[in-house]
Amino acid sequence: MLDRSAIKKSNNPYSLLLEPIKIGPVTAPNRFYQTPFTSGAGFWRPKTRTAFREVRAEGGWGVVNTGYCSIHPSSDPTPMPYSRLWSDQDVAEMAQMVDAIHKHGSLAGVELWHGGEKTRNRYTREASLSPSGLMHVTNDLRQLHSFASREMRREDIRQLLSWQKAAAKRAVMAGFDIVYVYAGMGFLPFQFLLDRMNTRTDEYGGTLENRTRLLREMLEVTKEAVEGRCAVALRFSVDEGMGSEGFQADTDAREVVRLLSDLPDLWDVKLGGHGFNDCPSSRFMETGYQEDFVKIVKQETNRPVVGVGWFTSPDTMVSQIRRGVIDLVGAARATIADPFLPKKVLEGNTEDIRECIGCNICFSTWVEGTPVRCTQNPTAGEEWRQGWHPERIKPSVSDSTVLIVGGGPAGLEAAVWLGKRGYSVTLAEAGKELGGRAALESRLPGLSSWSRIVDWRIGQLHKLPNVEIYLDSTLSADQIQDFGFAHVALATGALWDTLLPGSNGITDLIPPAMTVPVNDILHGALPQGRIAIYDFDCYYLGSVIAELFLRAGRDVEFITPASEISPWARTNNDHYLVQKRLISLGLQTAFNHSVILKNDTYLLKETYSGKERALDCDAFVVVGRRTVPNTGRTMLEQLQDSKVLKSVTAIGDCDTPGMIAHAIYSGRKFAETFDGGADSTNRFEPWTS
Ligand code: ADP
Ligand code: SF4
């Protein structure tokens, strides 16, 4: 629990954030509010879910919420992970989570939710419900369905209210302090608010007042159900980011807030409509970016308002409160990257905050159906499975010495946590700076906040007298063995290669003379003339490099076997924004094309028609595969045969090339398991306990 008495309020510039806030019948101990977001664990991984939420409460978040919690089988987003309160049987596991949150003095909230026509009910096979039988137009696989939704009959509306009421009663049974009605992100009560989705002619359609009726009734039944024991919060999307074609903050939302005003005990507000408005990556937004939209809410209600906007710095948080934009600081990503952000703010250790970089890996892993993973915080989602903690690690069990070769994300992470365990660590880096690919990529357009990966780790290393760092130190296998360290971690990374995929997978085709390796581009090379980028990596880097060239005024053709730019961005919420930005910058695209070698000439081949044409460019960039260079492989083999080393371990990209999140996880895992550190806590739900 946050020890408020230990905090010198007068000296702390952020003491405003420490103030308790009354929310209806309950009181939040401070203004740090973990808004509802999914843990990716769902009701089928309850221990993972509980441990994930508990550590956020332990870190000082005054309110900790669940992610979306379905009130009825007709709101079933399978295969996405979700919580549910469909029957009394669902209460016990929720209660365990509530108890874990309460243990640390925080309030527990539950985001009751009905998705309406946005859920496809693949598991329950119930009909999708909507105000008028209309569907969002989508090509998103998660949303596609060959069924229409059912226009809600009067009986359906009556049922919906009874499901909300029953779920709210179960929430009370589970011990929650805050119970939600959710009218955002295109979900059911929000669909009623939209005139393009709601064409009803009864008292639930027509004027905005009529379209707000269902929401009012949902709030009323929730209040009846909780009987004053819990606060009732309304989560509301104030703007769809579609201008006059959609729901707008200053007109529609303002009117809804006026109509409902003090009915909810708390307004939890944000953007909505399309996910990319609400939670784009830092490539497409800045801290506090929702302010212009959410600020209208406090102008129309006396109830406390919580707002979000990629807050990571306490200065921005305090500024929005002082200027009357919000009362409570809502956060999702900041709580994932640093569950202990509130404690650090309140105890005056703000330099230790592990700031979110805004990469949206967390979002992408939820979309992929796994517990939340985080680039900055590899313990996210591992609190129960591996018993990892974002701030603590078991102490050393011997006086072993460790040499880490390579100061990229993996090497830095391993050094920080081995150092915190108390081992004597030496880190040698070939380059003149630390950070490896994270430092290089943070210089590309839109990725500047990625430098936080390096900054946080360097900041921690500077506090560890038992870690020595040597730059400009390229080590060979012979040198490594001569130094006398007992243990070695090779974190020497991987490099982008310039090979092309052949008909049987990757083949060693010799790239054309005008090929410019990605590694050179990361070090500042900027080719002249017309540039062709061949992206079969399909993650983010191809599009980022395209943006770099376009902004430098180059003529760029983007060739990819995919049918869009960066298909991976569908998982991290950037898909729409990536296409929009690059196409508006003038990118030429050749989707569904491969580059092939025929009679010593490089050709573009269309996937479906087989049509071929010449590769027309002055410079050719292949963004395809990262491989461990031969030097790294040979060094590992030599060291594995060493008679003087007790152990040698490849970590990060040098072990398996992946995303930065994978490298950091690998570095932490090495530190956790080093020297007999237990791997035995590694357990899985639901088949072991
Ligand atoms: P990862 O993501 O696995 O940390 P990176 O490629 O980002 O991998 O970082 C690897 C780091 O290792 C780079 O900073 C690189 O300069 C460094 N490095 C590579 N080979 C050596 C070596 N032989 N000696 C010391 N440092 C090395
Ligand atoms: Fe932030 Fe990236 Fe971690 Fe998500 S994965 S919390 S965006 S650092």
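1. Basis. The model is predicted, with local features needing pLDDT of at least 70 and side-chain atom pairs counting only at pLDDT 80 or more, while totals for chains, interfaces and linings use all residues. Residues are numbered from 1 along each chain as its sequence is written, chains are lettered from A and ligands numbered from 1 in the order in which they are written, and side-chain values use heavy atoms, with hydrogens and water left out.

2. Aromatic pairs. The structure holds 23 aromatic pairs. Rings of Phe, Tyr and Trp (its six-membered ring) pair if their centres lie within 6.5 Å; planes under 30 degrees apart are called stacked, over 60 edge-to-face, and the rest tilted. One of the pairs is Tyr68 with Trp113, which is tilted, at 4.3 Å centre to centre and 35 degrees between the planes. This pair links distant parts of the chain, with Tyr68 in strand E4 (residues 63-70) and Trp113 in strand E6 (residues 107-113), 45 residues apart. Helices (H or I, at least four residues) and strands (E, at least two) are DSSP runs, numbered from the N terminus.

3. Phe187 lies in the loop between strand E9 (178-183) and helix H4 (188-193), and Tyr68 in strand E4, so the pair ties together parts that are 119 residues apart in sequence. Tyr68 counts as buried because its relative accessibility is 10%, and Phe187 counts as buried at 13%. Trp113 is buried as well. Buried means under 20% relative accessible area, exposed over 50%, and partly exposed in between (1.4 Å probe, protein chains only). Tyr68, Trp113 and Phe187 belong to one aromatic cluster together with Tyr182, Phe363 and Trp366.

4. Charges over rings. Arg53 lies over the face of Phe37, 5.0 Å from the ring centre. Arg668 has its charged end over the ring of Trp417, at 3.8 Å from the centre. The criterion is NZ of Lys or CZ of Arg within 6 Å of the ring centre and within 35 degrees of the ring normal.

5. Ligand 2. There are 14 residues around ligand 2, and those that come nearest are Cys356, Cys359, Asn360, Cys362 and Cys374. A residue is near a molecule or strand if one of its heavy atoms lies within 4 Å of it. Helices H11 (333-337) and H13 (361-367) each supply at least two residues of the shell; H11 gives the largest share, three residues. By type, the shell divides into eight nonpolar, four polar and two charged residues. Here Ala, Val, Leu, Ile, Met, Phe, Trp, Tyr, Cys and Pro count as nonpolar, Asp, Glu, Lys and Arg as charged, and the others, Gly among them, as polar.

6. Most residues other than glycine have a negative phi, and most peptide bonds are trans. Thr78 and Pro79 are joined by a cis peptide bond, with omega about 15 degrees; Pro79 is in the loop between E4 and strand E5 (83-84). Met185, not a glycine, has a positive phi of about 50 degrees. Met185 is in the loop between E9 and H4, and is buried, with a relative accessible area of 12%. Cys538 also has a positive phi, near 70 degrees. Its place is the loop between strand E21 (530-535) and helix H19 (541-551), where Cys538 is buried, with a relative accessible area of 16%.

7. Helix H21. Buried residues in helix H21 (residues 575-584) are His575, Leu577, Val578, Gln579 and Leu582. Gly586 follows H21 and has a positive phi, near 100 degrees.

8. Contacts across the sequence. Val467, in strand E16 (residues 467-470), is buried at a relative accessible area of 10%. Val467 and Leu418 are 49 residues apart in sequence, and 8.8 Å apart in space, C-alpha to C-alpha. Ser642 is in the loop between helix H22 (630-640) and strand E29 (647-650) and counts as buried at 12% relative accessibility.
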